[in-house]
Amino acid sequence: MEKRTSFVNYIDNELHFNGFKINDLKGKYQTPLYLYSKNVLKENYLEFDQAMQEAGINGQICFALKSNPNLALLKGLKELGAGADIVSGGELERALNAGIPADKIVFSGVGKTASEIDYGIQSGIYSFNVESLEELDLIKARAEHFNKEVAVAFRLNPKVKAMTHKHISTGFKTHKFGLLAQDIIEIANNSDYWGNVQLKGLSVHIGSQLTELEASLEAFKKLADCANALPQELDFLDVGGGLGVNYAGDEAPGIMDYMNIVKEGLKSANPKKVVFEPGRRIVAQSGMLITSVIRNKSSEECNFLIVDGGMNDFVRPSLYGAFHEIYEGTTSTNKIKTDIVGPICETADCFGESRNLAKMHMGDLLAISHTGAYGYSMASHYNLRKKPIELLINEDNKIEVINEQIGYE
Ligand code: LLP
């Protein structure tokens, strides 16, 4: 089971995040801000890495940068041995800047442009995870242009339905992602496609925030079947990301259960190496969004706590109706039911409805939990607001500013 709230607790009514007192930020930093814990990040990475080893899998973690591309965090992950799963030229540049070796980088995504492909080829990345025939044609043409050998993997669309929010379910044939097995097998057998480009792997990714593993098992079995049907011997199978976390309770699978599903699913193909692309599972729990109370307001039976963070800073509740725990910086037994809302001019700008929180006042801090993944990375300047700053609690329990506030044009 994921260690849900073990990093968050109250000591003398004051909220602590892995031993750091949230109220210590008061008056020192402008809110809203993202606060990360280096130790929590490290623990989550090592938990994944060790589980891989315990399961006897020869694996490589390629951290999904889209979940959190902060340079300081990436440098920390690189020190632990992480590679990167990237989906744009910008993410490739960031991964390389963090010192992640090119031969640990896989490039996913349905819309890689010619210049992004060139950048990937020239950087010598481990693999392009190819999602269409036209993409393969372009990679081949560019590989010939540079006279380089380029490794590719096909992303399989396994035609399975993952039980998750429809916006982040990606493994069914009506989704834009991947290629069907019969098409992969046909292309693999057609020598016209192969020359400077070589088929080295297969990948699959059926969705994100997966809390049930039945569909994953089915997808991994189909991945193995597809690998077994190819004429080429592969270097790796890539099982994507997607493992869920406990936002609301204990919905997320245990890490060993997940590894056992991977092993069981891929058994018949006996892969030399397995690539993992986790994002959320590594980084969600490592971050909190800290926001201050602007004021209280009530409207008949509704109480609103208006805070200085908004949906531009953290969009998951507005976009997916996602639940995130919200903690008051100082708690008390005097609780009221409140909607926690931001300053943005949309009713969707709400972090939580009917939450039982201590009565709070202007300047008091709140912390929104599990916001390390798809938090800052999805922030925008909507309503011409600045993006939040990012802080890190380092190993000595001291704060480091790891991203100053970015202005707007
Ligand atoms: N690999 C591929 C090919 C992906 O498309 C994704 C996520 C991942 C790996 C990482 O998945 P993770 O382990 O983080 O679940 N913004 C949404 C999530 C979008 C996920 C997109 N793809 C959210 O906030 O829930």
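**Exercises on strand pairing, the main pocket and confidence**

Strand E4 (residues 33-37) and strand E13 (residues 287-299) run antiparallel and are joined by 4 bridges. Strands here are DSSP runs of E with at least two residues, helices are runs of H or I with at least four residues, and both are numbered from the N terminus. Two strands count as paired if DSSP finds at least two bridges between them.

This is a predicted model, in which local features need pLDDT of at least 70, side-chain atom pairs count only at pLDDT 80 or more, and totals for chains, interfaces and linings use all residues. Residues are numbered from 1 along each chain as its sequence is written, and side-chain values use heavy atoms, with hydrogens and water left out.

**Exercise 1.** Find the bridge partners along E13.

Solution.
- Step 1: start from E4, where Tyr34 is partnered by Leu289 of E13.
- Step 2: go to strand E18 (residues 365-368), which runs antiparallel to E13 with 4 bridges. Thr291 stands opposite Leu366 in E18.
- Step 3: take strand E14 (residues 302-307), joined to E13 by 6 bridges, again antiparallel. Lys297 has Phe304 in E14 as its bridge partner.
- Step 4: inspect the turn. E13 and E14 form a hairpin with 2 residues between them, and Glu300 in the turn has a positive phi of about 50 degrees.

**Exercise 2.** State the strand order of the open sheet of 3 strands and name its edge strands.

Solution.
- Step 1: the order is E1-E2-E3, with antiparallel pairing.
- Step 2: strand E1 (8-11) and strand E3 (20-21) each pair on one side only and are the edges.
- Step 3: E1 pairs with strand E2 (residues 14-17) over 4 bridges, and Tyr10 has Leu15 in E2 as its partner.

**Exercise 3.** Describe the lining of the largest pocket.

Solution.
- Step 1: define the term. On a 1 Å grid over the protein atoms alone, a pocket is an open set of points where a 1.4 Å probe fits, with protein on both sides within 12 Å along at least five of seven lines; lining residues have an atom within 4 Å of a point.
- Step 2: count. The lining has 34 residues, with Lys66, Thr170, His205, Ser208 and Tyr374 nearest the centre.
- Step 3: find the elements. Helix H9 (280-283) and helix H10 (316-320) are those that give two or more residues.

**Exercise 4.** How high is the average pLDDT of the protein chain?

Solution.
- Step 1: pLDDT is the predictor's confidence in each residue, from 0 to 100.
- Step 2: the chain averages 95, and 98% of the residues score at least 70.
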